[in-house]
Amino acid sequence: MTGIVLHLLRHGVTDAEGRLIGRTDATPLPEGVKACAIRATGLQFEAVFSSGLERTRVPAEKIAASHGLVAHADARWRELDFGSWDGQALDAIDSQALAAFQSEPANHTPPQGEAWAALVARVGEAIAAIERPTLIVTHGGAMRAALANLCAIDFPQLWNIALPHAALLSVRIWPGTPRVGQIIGLVT
């Protein structure tokens, strides 16, 4: 068995740098879209998905078109909903609450936000639906949730994996329930 290769590509820079953006959308900057397209050069895939938010949809559509494919939206690949923090500048958020969330998101959900376990569950559902080599343009939180699902990596180790804009994480996923994976590449 060879498994299925899943490429996870974080969106490029947006007009919302310095803010915590989950469900809040942001406009991708041209250099961010270009960085994603360059990062996807040479990848082999048969399907392209995005979270549906503009910052992932625009680069996904560009990459898909260059491969003769159509990009599809799947909201399960959206970023964590940061609740009342969503769209706020990082320095406007209570620093102790933010630090607690970042160190133990399973125990510190953002106010009115989505629990880390909910993100991991919905990304796990999306992974279970993958049937062929796929590129997903997504978000840093969703990429970390994929690693939690496929490789049993949890906090604080997940924060130790750098996933800057246009980072590419490639994982070979094996059939079965639950699916398991093996990291085959990380380009930052």
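Begin by selecting Ala117, which is found in helix α4 (residues 116-128); helices here are DSSP runs of H or I with at least four residues, strands are E runs of at least two, and both are numbered from the N terminus. Ala117 is exposed, with a relative accessible area of 53% (exposed means over 50%, buried under 20%, partly exposed in between, with a 1.4 Å probe and protein chains only).

The model is a predicted one, in which local features need pLDDT of at least 70 and side-chain atom pairs count only at pLDDT 80 or more, whereas totals for chains, interfaces and linings use all residues. Residues are numbered from 1 along each chain as its sequence is written, and side-chain values use heavy atoms, with hydrogens and water left out.

Next, select Leu8, Trp77, Trp116 and Val123. These residues have the most contacts inside the largest nonpolar core, which has 34 residues (a nonpolar core is a set of buried Ala, Val, Leu, Ile, Met, Phe, Trp, Tyr and Cys residues joined through side-chain atoms within 4.5 Å). Colour β1 (4-10), α3 (95-103), α4, α5 (140-151) and β5 (168-174), each of which supplies at least two residues of this core. The greatest share comes from α5, with seven residues. A separate core of 13 residues includes Cys36, Ala60, Leu135 and Leu168.

Return to Leu8 and display its surroundings. Beyond its neighbours within four places in sequence, Leu8 is in contact (heavy atoms within 4.5 Å) with Trp77, Ile136, Thr138, Met143, Ala146, Ala167, Leu168 and Leu169.

Now show the whole chain as a cartoon. Five helices and six strands are present, in the order β-α-β-α-β-α-α-β-α-β-β from the N terminus on. The C-alpha trace spans about 45 × 40 × 25 Å along its principal axes. Of the 188 residues, 46% count as buried. Among contacts with a separation of 6 or more, 71% are accounted for by residues 24 or more positions apart.

Finally, switch to a surface view. The accessible surface comes to about 8,700 Å², and carbon and sulfur atoms hold 53% of it; the areas come from the Shrake-Rupley method with a 1.4 Å probe, and for residues only the protein chains shown count as cover.
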